Amino acid sequence: MSRAILFAVTILAALSSSFSFTAPRPALSTSSVVVVFSEPEKKTNPSGVERGVSVDQDGKSNVWAIEPKMELDDKSNEEKTTGLIIGGAAFAAFAVGAGFLLTHLPDPDQF
C-alpha cells in the first residue's frame, strides 16, 4: 500500500514541477495590429557613391575593406603613469579587502 502511495506522490510531484518552469501563455487578444514606420535613412555621403563597393563590367559587385582612420594617443606620460598608479591602488585595496574577508570566514567544520 505504501509503495502505491509513494508512486502516486512521485508522479504528482513530477507533473507539478514540469509546469512550474514554463512561461505563462499570453491571453488571446482581439486588438488590431499596429504598424510602426521608421524615419527614412539620412545619407551621410552626399555624392551618392558608396565607398568600398564597385561594380565591374560583368555586373558583379566588388566589395573591399576600407581601413579605419588612425587614432593618435594624445595622453602624456604623466597622465598614463597617474592612471596606472590609481589602477594599482584600487587593485591593492580590493585584494586587501578580499583577503580580510576570506581569512575571517567561519570554520565550516563547526556546523
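Mentor: We take the labels one by one, each with its cut-off. This is a predicted model: local features need pLDDT of at least 70, side-chain atom pairs count only at pLDDT 80 or more, and totals for chains, interfaces and linings use all residues. Residues are numbered from 1 along each chain as its sequence is written, and side-chain values use heavy atoms, with hydrogens and water left out.

Trainee: What is the confidence of the chain?

Mentor: pLDDT is the predictor's confidence in each residue, from 0 to 100. The chain averages 79, and 68% of the residues score at least 70. Where pLDDT is low, the predicted coordinates should not be read in detail.

Trainee: What makes the pattern of the chain?

Mentor: Helices (H or I, at least four residues) and strands (E, at least two) are DSSP runs, numbered from the N terminus. The chain has 2 helices and 2 strands. Along the sequence they read α-β-β-α.

Trainee: Why is the contact of lysine 80 and aspartate 73 called a salt bridge?

Mentor: The term asks for a side-chain nitrogen of Lys or Arg within 4 Å of a carboxyl oxygen of Asp or Glu. Here the N to O distance is 2.9 Å. That is within 4 Å, so the label holds. The structure holds 1 salt bridge.

Trainee: Are these two residues buried or exposed?

Mentor: Buried means under 20% relative accessible area, exposed over 50%, partly exposed in between (1.4 Å probe, protein chains only). Lysine 80 has 37%, so it is partly exposed. Aspartate 73 has 55%, so it counts as exposed.

Trainee: Where is alanine 65, and why is it called exposed?

Mentor: Alanine 65 sits in the loop between β2 (61–63) and α2 (77–103). Its relative accessibility is 73%, so it counts as exposed. Alanine 65 and glycine 52 are 13 residues apart in sequence, yet 6.2 Å apart in space, C-alpha to C-alpha.

Trainee: How much of the chain counts as buried?

Mentor: Of the 111 residues, 1%.

Trainee: What makes the nonpolar surface patch?

Mentor: Phe7, Ile11 and Leu15 make it, with about 310 Å². Patch residues need over 30% relative accessible area and no salt bridge; like charges are joined within 9 Å, nonpolar side chains (Val, Leu, Ile, Met, Phe, Trp, Tyr) within 5 Å. Isoleucine 11 lies in helix α1 (residues 2–18). Isoleucine 11 has 40%, so it is partly exposed.

Note on methods:
Accessible areas come from the Shrake-Rupley method with a 1.4 Å probe; for residues, only the protein chains shown count as cover.
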